[in-house]
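Here's a quick tour of a protein model, from the overall fold down to one helix pair. Have a look at it first.

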Amino acid sequence: MVRVVPLTDEEKMSIVSGLRSSVPATKLVTLRKLQEIAEVRPEALIYLDTYDKVTLNEIITLLNQIIEYDPDEILRREAMITLEKVKKALGTKFSTFVPLCTSCNSPIDLGWNFCTNCGAEIKSMKFEEEIAKCPNCNNYISDSWKHCAHCGAKLKEEEEAVLRCPNCKRPIQPEWIICPYCGYRLKRKP
């Protein structure tokens, strides 16, 4: 069993602010630090993906922005290397399974009842990847669905409303006085 040491709020804030920095040296140091985390502590990124998707998505978005828009070629190259190492650390998150019709090999949608190319019934197909089925109608369903597209059965409970900072819109805890991400004062000291 691997002992997971998650990124601290300070580390997360340092990475995000470093990637946003206008100073090339700061960006480069941050990219190298992120590469090191991806290589040495990949479980920290997996933990981040599980418990703080907002920060992970922000890091990936900032890496893509550096790759596409930064004028410094070295930073663009380092950002590409960093993004690949982050993707490798996260594993299969970045590979998408597209189901194919077992009769004609055309891409299909799990919300369909029949293949639009050959008319084969999707419910009776067997796929290489394990795909969940609706407990009510036994049709294939997507993990992201809240209701079955075939019978309308409720698949997931609504998620609780997440408390967010009014300034940066990041998730916050109700007991926090100051947002650790942007420094916004959330409430006055008692």
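## Overall fold

The protein has five helices and zero strands, and along the sequence the pattern reads α-α-α-α-α. Helices here are DSSP runs of H or I with at least four residues, strands are E runs of at least two, and numbering goes from the N terminus. The radius of gyration, taken over C-alpha atoms, is 21 Å, well over the 16 Å that the globule rule (2.2 Å times the number of residues to the power 0.38) gives for 190 residues, so the protein is more spread out than a compact globule. Its C-alpha atoms fill a box of roughly 55 × 50 × 35 Å along the principal axes.

This is a predicted model, where local features need pLDDT of at least 70, side-chain atom pairs need 80 or more, and totals for chains, interfaces and linings use all residues. Residues are numbered from 1 along each chain as its sequence is written, and side-chain values use heavy atoms, leaving out hydrogens and water.

## Helices α1 and α4

The axes of α1 (residues 9-20) and α4 (residues 53-69) come within 10 Å and cross at roughly 20°; axes are lines fitted to C-alpha atoms over the stretch in contact, with angles from 0 to 180 degrees between N-to-C directions. That makes the two helices roughly parallel (angles under 35 degrees).

Which residues of α1 and α4 make the contact (heavy atoms within 4.5 Å)? On α1 they are Lys12, Ile15, Val16, Leu19 and Arg20, and on α4 Thr55, Glu58, Ile59, Leu62, Leu63 and Ile66.

Terms used. Angles under 35 degrees count as roughly parallel, over 145 as roughly antiparallel, 65 to 115 as roughly perpendicular and the rest as oblique. Contact means heavy atoms within 4.5 Å.
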